[in-house]
Amino acid sequence: ERSIELFSAIYVSVGVIVGSGIFVSPNGVFAAANYSVGVTLIIWVFGGLIAMLSTLCYCELATSIPESGSDYTYLTYAYHPALAFLIPWMNTLLPTADSILMLTFARYAVEPFFECTTPPVQSVKLIAICLLLFITAINVLSVKSAVRMQIAFAWCKLAAISFIVVSAVIFCMKDSSVASENFRNAFEGKSLKGISFLTLSKAFYTVTWSYQGWNSLCHVTEEIKEPGKTIPKASLLTIAAVVVIYLAINTAYFSVLSVDEMASSKIVALPFALKAMGGASWIVPLTVCLCTAGSYNGGVLTYGRLSYVAARRGHLPQVFRMLHVHKRIPIPALILNNIGSIVLICIGDFEILIQIFGFVNWIFTGLSSLSVLILRKRLPKLTRPYKVPTVVPIIMSAVSFFFVILPLLNNPHFLYLYALMYFALGLTFYYIFVH
């Protein structure tokens with residue numbers, strides 16, 4: 001049922017992108033930029049530019065092939081179903097992003113109740129699973145309820161982020177010495193000389209991870225009103241809004257924290273809160289909880305349709321292509337997605353998985369960007385309500401290839417061999433059980 005209009009689409013998309021990344025990534029990006037304030041802000045803008053270019057490619061694909069499923073659907077048309085099968089294969093068995101969001105929420109939610117000791121691991125996992133099941137239950141009951149909850153999360157996020165920015169402004173009105181020092185020496189020569197290509201590229205990789213989710217609306221194309229108009233407008237407005245949000249938060253950090261304070265904290269939001277907010281520092285953990293919960297709800301609402309679309313093509317058991325007879329919601333597919341997430345939450349330690357499979361998203365992004373050109377040649381008569389300039393998919397294909405090679409250059413590890421074996425196993429399953 002087409003129940004998502006323009007503003008709902010923007011709320012959903014912003015909610016998916018703005019998760020925990022903006023609170024975890026700034027320190028790593030700042031260190032990779034050799035503690036240069038100016039270069040750090042430029043990197044965050046560059047990440048938004050990459051997200052914008054990629055979004056333009058997906059807008060042409062989504063409007064010319066108005067089917068849900070995003071990369072999975074586009075790779076099926078442009079290449080071979082076996083290659084497309086690897087996407088639901090990965091997302092169903094290893095939904096690492098969903099599990100990370102739930103564990104991040106649980107850690108921030110539980111920690112205030114254990115001020116003197118480290119929270120028990122079991123309590124963190126239990127809270128994560130409870131929230132996961134609660135959000136899934138809302139999505140099972142009604143798409144409209146899930147969208148309304150996403151809109152509520154989005155407004156709460158914006159209110160909390162605005163409070164952070166306003167706190168920085170008030171702090172600067174009282175004491176502007178830190179802000180003056182940071183922005184006056186934003187492009188200090190000593191910092192610029194210490195920047196290397198590998199560290200800078202690592203910063204770009206970290207920043208673009210914070211922008212992940214720019215193609216979220218492509219997963220629910222069939223549930224969007226007038227997708228030919230709504231998807232391009234909503235996607236571009238979303239990226240523009242996220243760039244402004246990320247720049248505002250980083251500027252707030254640099255207005256309150258000195259270079260040494262930024263460099264010494266892995267999660268810069270916590271010392272910022274203590275310094276700028278004092279007794280109201282609890283706002284930051286609350287903001288992180290809202291961002292992660294909202295991001296997961298948006299993920300269930302969008303990426304949750306992937307298993308349904310894959311089953312519809314015969315790539316998963318047919319029970320997962322079923323919709324509720326009245327609500328028209330893919331309930332079996334949503335339940336399937338929960339199983340993998342709960343297993344990973346129970347395991348609890350998947351930093352290695354992130355390192356191994358983090359570059360996989362860029363493989364599929366590169367293939368999808370290139371599929372714009374392939375489909376233009378293979379299906380020239382296809383109606384294209386929106387057409388991206390040819391140079392954009394070429395640039396995005398090259399950028400994606402670079403981000404695939406980058407982890408191998410920065411930190412070559414034999415565990416990447418396991419990633420290749422995992423996909424080889426996926427292809428084996430495809431030819432045995434599907435083909």
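Helices here are DSSP runs (H or I) of at least four residues, numbered from the N terminus. The model in these close-ups is a predicted one.

**View 1. Thr-92 in helix α5.** Here we zoom in on Thr-92, which sits in α5, the helix spanning residues 81–93. Its relative accessible area comes out at 11%, and since anything under 20% counts as buried, Thr-92 is buried. A polar atom of the Thr-92 side chain lies 2.7 Å from the backbone oxygen of Pro-88. Skip the neighbours within four places in sequence, and Thr-92 is in contact with Ser-307, Leu-316, Leu-336 and Gly-340.

**View 2. Helix α8 against helix α14.** This one shows α8 (residues 143–174) and α14 (residues 269–276), whose axes come within 10 Å and cross at roughly 50°. That angle is why α8 is described as oblique to α14. As for handedness, the crossing of α8 and α14 is left-handed. On the α8 side, the contact is made by Ile-164, Ser-167, Ala-168 and Phe-171, while α14 brings in Phe-272, Lys-275 and Ala-276. Sorted by class, the contact of α8 with α14 has five nonpolar residues, one polar and one charged.

View 3. Now over to Ser-3, in the segment before α1 (6–17). With a relative accessibility of 16%, Ser-3 counts as buried. Leaving out residues up to four places away in sequence, Ser-3 touches Val-143, Lys-144, Glu-223 and Lys-225.

Conventions:
Residues are numbered from 1 along each chain as its sequence is written. This is a predicted model: local features need pLDDT of at least 70, side-chain atom pairs count only at pLDDT 80 or more; totals for chains, interfaces and linings use all residues. Side-chain values use heavy atoms; hydrogens and water are left out. Axes are lines fitted to C-alpha atoms, for helices over the stretch in contact, and angles run from 0 to 180 degrees between N-to-C directions. Helices (H or I, at least four residues) and strands (E, at least two) are DSSP runs, numbered from the N terminus. Angles under 35 degrees count as roughly parallel, over 145 as roughly antiparallel, 65 to 115 as roughly perpendicular and the rest as oblique. A crossing is left-handed if the near helix is turned anticlockwise from the far one by less than a right angle, and right-handed if clockwise. Contact means heavy atoms within 4.5 Å. Ala, Val, Leu, Ile, Met, Phe, Trp, Tyr, Cys and Pro count as nonpolar, Asp, Glu, Lys and Arg as charged, and the others, Gly among them, as polar. Buried means under 20% relative accessible area, exposed over 50%, partly exposed in between (1.4 Å probe, protein chains only). A polar contact is a pair of N or O atoms within 3.5 Å; within protein, one must be able to donate a hydrogen and the other to accept it, and residues adjacent in sequence count only if both atoms are side-chain atoms.
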